[in-house]
Amino acid sequence: MPSPTLTPPRPPSERGVHQGRPYWLWLPEGEGPWPAILILHGAGSRKENHADFARLCAAAGWVALAYDQRGHGESADEMDPGALADVGRMARFLAERPDVDGARVCVRGSSMGGNLAIHAAATSPSIAGAIAICPAGEEQLLRGVRSGDFAFRAGERAREELAAWLAEHDLREAVALVAPKPLILLHARGDERVPASLSEELHARAGAPKKLIVVPGGHHRSVQHDAELQGTALHWLERNLPAHTPGA
């Protein structure tokens, strides 16, 4: 019996660099404008590691853009506090595309990316909603920066600046500023790096519309690559966004 033919994963529709951020972008089939989602990886990761979610987004009718944060992947710079401003810049880059509905640009982040997703949704008018997966609090990130456990490129000065920025911010305060934008939090109870209780606390502090999903077992990276949970989060987010207004 012949072996089945395996279809290779769909490659990005576009690859490029915007203001120092190397990115991969996937487009849905058909004609837009579509909602769009900006994908933020965690500390020590890179854009390629979230291509599975980007392909799922494109199949569901979303433009998806994953990019390398400062000090990661193909980026030429070091990780520093400018990473938060990058989120807003990349969201505006998406919103200005003719194939994107600029009023429905969202952000999805994992771990460190989840932290930045919440802060960006709280502060950037270009972001309409957020998915935060096992979002790391400043206390976890500060510990990783000071210990050198995070596998990103950052010299001594950059790490000092990053540590100072983290010490001045509090995810618990930021999450209260996200509403009325929709926010969905996902966490694995077995997360060995960031306790699920943090997402529970963030959910309690957030305004509506909001949703929390905590799954039994798992680990720090399991939720972000669970296709069922990816789809659930994306569909919930879409239902809670403003409807597209043709010609707007």
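This report walks through the cavities and ring contacts of a predicted model.

Residues are numbered from 1 along each chain as its sequence is written, and side-chain values use heavy atoms, without hydrogens or water. Local features need pLDDT of at least 70 and side-chain atom pairs count only at pLDDT 80 or more, while totals for chains, interfaces and linings use all residues.

**Cavities**

Let's start inside. The structure has two cavities of 30 Å³ or more (a cavity is a set of points on a 1 Å grid over the protein atoms alone where a 1.4 Å probe fits but cannot get out; lining residues have an atom within 4 Å of a point).

| Cavity | Space | Lining by class |
|---|---|---|
| Largest | About 110 Å³ | twelve nonpolar, one polar, one charged |

Of the 14 residues lining the largest cavity, Met-79, Met-112, Leu-162, Trp-165 and Leu-166 are the closest to its centre. For the second largest cavity, helix H8 (227–239) and strand S6 (130–133) each supply at least two lining residues, and H8 gives the most, with three. Phe-53 and Arg-108 are among the residues that line the second largest cavity.

**Rings**

Those two residues also meet directly: the charged end of Arg-108 sits over the ring of Phe-53, 3.9 Å from its centre (the cut-offs are CZ of Arg or NZ of Lys within 6 Å of the ring centre and within 35 degrees of the ring normal). Likewise, Arg-15 lies over the face of Trp-24, 4.6 Å from the ring centre.

Conventions. On a 1 Å grid over the protein atoms alone, a cavity is a set of points where a 1.4 Å probe fits but cannot get out, and a pocket is an open set with protein on both sides within 12 Å along at least five of seven lines; lining residues have an atom within 4 Å of a point. Grid points are joined across faces, edges and corners, and a volume is the space filled by probe spheres set on the points. Ala, Val, Leu, Ile, Met, Phe, Trp, Tyr, Cys and Pro count as nonpolar, Asp, Glu, Lys and Arg as charged, and the others, Gly among them, as polar. Helices (H or I, at least four residues) and strands (E, at least two) are DSSP runs, numbered from the N terminus.
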